[in-house]
Amino acid sequence: MADITHPHDRFLKILLSNPMTAGTLLRERLPKEIAECLSLEPPSLVDGTFIDGEFRQHLTDRLFRVKTVAGGEAYVYALVEHKSHPDDWIAFQLLRYMVQIWERMGEETGRGGRLSPIVPLLVYHGRQAWQIPPLFSALVDAETSWQGHLLDFRFSVVDLGQIDDTALSRDDRLRGGFLALKCVFQKGVKPETVAGIGKVLQVDQELAKQTLLYLIQTYEELDMDSIQAFSDEAFPGKAEEYKSLFAREMIAKGRQEGRQEGESKILHRQLQRKFGPSLPDWVEDKLATASLGEIEEWSDQILDAQSLDEVFV
């Protein structure tokens, strides 16, 4: 599929569409030795849609061109990882994407010369703390003495769940967006917490609207009290108007989820009948987080598939 089906992906792209906000993210969350080399010029967004196959169902990309204080240029590849559990093979996925970016650049500029550096940055907001080493070499089973002869790179991880709310960012847009990303997998988030997100995002009412839509789509415990609290803070003078709008979104979500749950159960039974009653964890994870469009596509592909991998291509 060419479209972005996961609301987490969609929301991060909206959040980082503002160059100033993206620049703040890079300066605040990249390693100090890299951030200090970046110029104050906002990064420019590059077409970075290099994700293919099964990976684009869990990851999204933002590729930024950045200027350095020395007058050079580099690229930062920002991803959001929203699985319930961290992925042990994320470094391998990053490597694939980086190679595809370099290949695309080589096609556009002609081969020759040196490659521009690509710095990977992962934004993670899963339920568990991120504990996977941020090194490609952690995936390779080799003698320690071989390390200098093998490929390796480091990637940065922003684990939102492990950062205090007040320390998420100095930028209100980025802090409000990160607060939303942080709370969607939490339990028992109070209306006043949701209201706090609305208050921070009062500086950008369009982003506030997109944020509340995102919360409606993803946060299972969101109720009308929380919508009212958010609207009172984010849309002063227009709270009732927005409350009515988002109430309709809540109703539509309920209908969509009912159909989605039904389609998912049918596909689950079909998979068990064709490939055995015990499905791998990665299949269960896909079904638990899939959109209705993905479920419909997989239901078509199961007819001719000879393996689970072929269903979820």
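Which side chain meets Asp172 in a salt bridge?

**Exercise 1. Find the partner of Asp172 and describe the pair.**

Step 1. A salt bridge is a side-chain nitrogen of Lys or Arg within 4 Å of a carboxyl oxygen of Asp or Glu. The partner is Arg175, with N and O 3.3 Å apart.

Step 2. Asp172 and Arg175 are both part of helix H5, three residues apart, which is about one turn of the helix. Helices here are DSSP runs of H or I with at least four residues, strands are runs of E with at least two, and both are numbered from the N terminus.

Step 3. For exposure, buried means under 20% relative accessible area, exposed over 50%, and partly exposed in between, with a 1.4 Å probe and protein chains only. Asp172 is partly exposed at 30%, and Arg175 is partly exposed at 22%.

A note on the source: this is a predicted model, in which local features need pLDDT of at least 70 and side-chain atom pairs count only at pLDDT 80 or more, while totals for chains, interfaces and linings use all residues. Residues are numbered from 1 along each chain as its sequence is written, and side-chain values use heavy atoms, with hydrogens and water left out.

**Exercise 2. Decide whether strand E4 is enclosed or open, and find its pairing partner.**

Step 1. Strand E4 covers residues 118-124, and seven of its seven residues are buried, so E4 is largely enclosed by the rest of the structure.

Step 2. In a regular strand the side chains alternate between the two faces of the sheet. On one side of E4 are Ile118, Pro120, Leu122 and Tyr124, on the other Val119, Leu121 and Val123, and all are buried.

Step 3. Two strands pair if DSSP finds at least two bridges between them. E4 pairs with strand E5 (residues 156-159) in the parallel sense, over four bridges. Opposite Tyr124 stands Asp159 in E5.

**Exercise 3. Identify the residues with the most contacts inside the largest nonpolar core.**

Step 1. A nonpolar core is a set of buried Ala, Val, Leu, Ile, Met, Phe, Trp, Tyr and Cys residues joined through side-chain atoms within 4.5 Å.

Step 2. The largest core has 45 residues, and Phe178, Leu215 and Phe230 touch the most other members.

Step 3. Leaving out residues up to four places away in sequence, Phe178 touches Leu15, Leu25, Val123, Leu160 and Leu168. Another core lies apart from this one, with 21 residues, including Met105, Ile118, Trp130 and Phe153.

**Exercise 4. Describe how H5 and H7 are arranged, and what covers H6.**

Step 1. Axes are lines fitted to C-alpha atoms, for helices over the stretch in contact, and angles run from 0 to 180 degrees between N-to-C directions. The axes of H5 and helix H7 (residues 205-218) come within 10 Å and cross at roughly 5°.

Step 2. H5 and H7 are therefore roughly parallel, a label for angles under 35 degrees.

Step 3. Arg173, Ala180, Leu181 and Cys183 in H5 meet Leu207, Thr211, Tyr214 and Leu215 in H7.

Step 4. In helix H6 (residues 191-200), the residues Val194, Ala195, Ile197, Gly198 and Val200 are buried. Their cover includes H5, H7 and helix H8 (224-234).

Note on methods. Contact = heavy atoms within 4.5 Å. Parallel < 35°, antiparallel > 145°, perpendicular 65-115°, else oblique.
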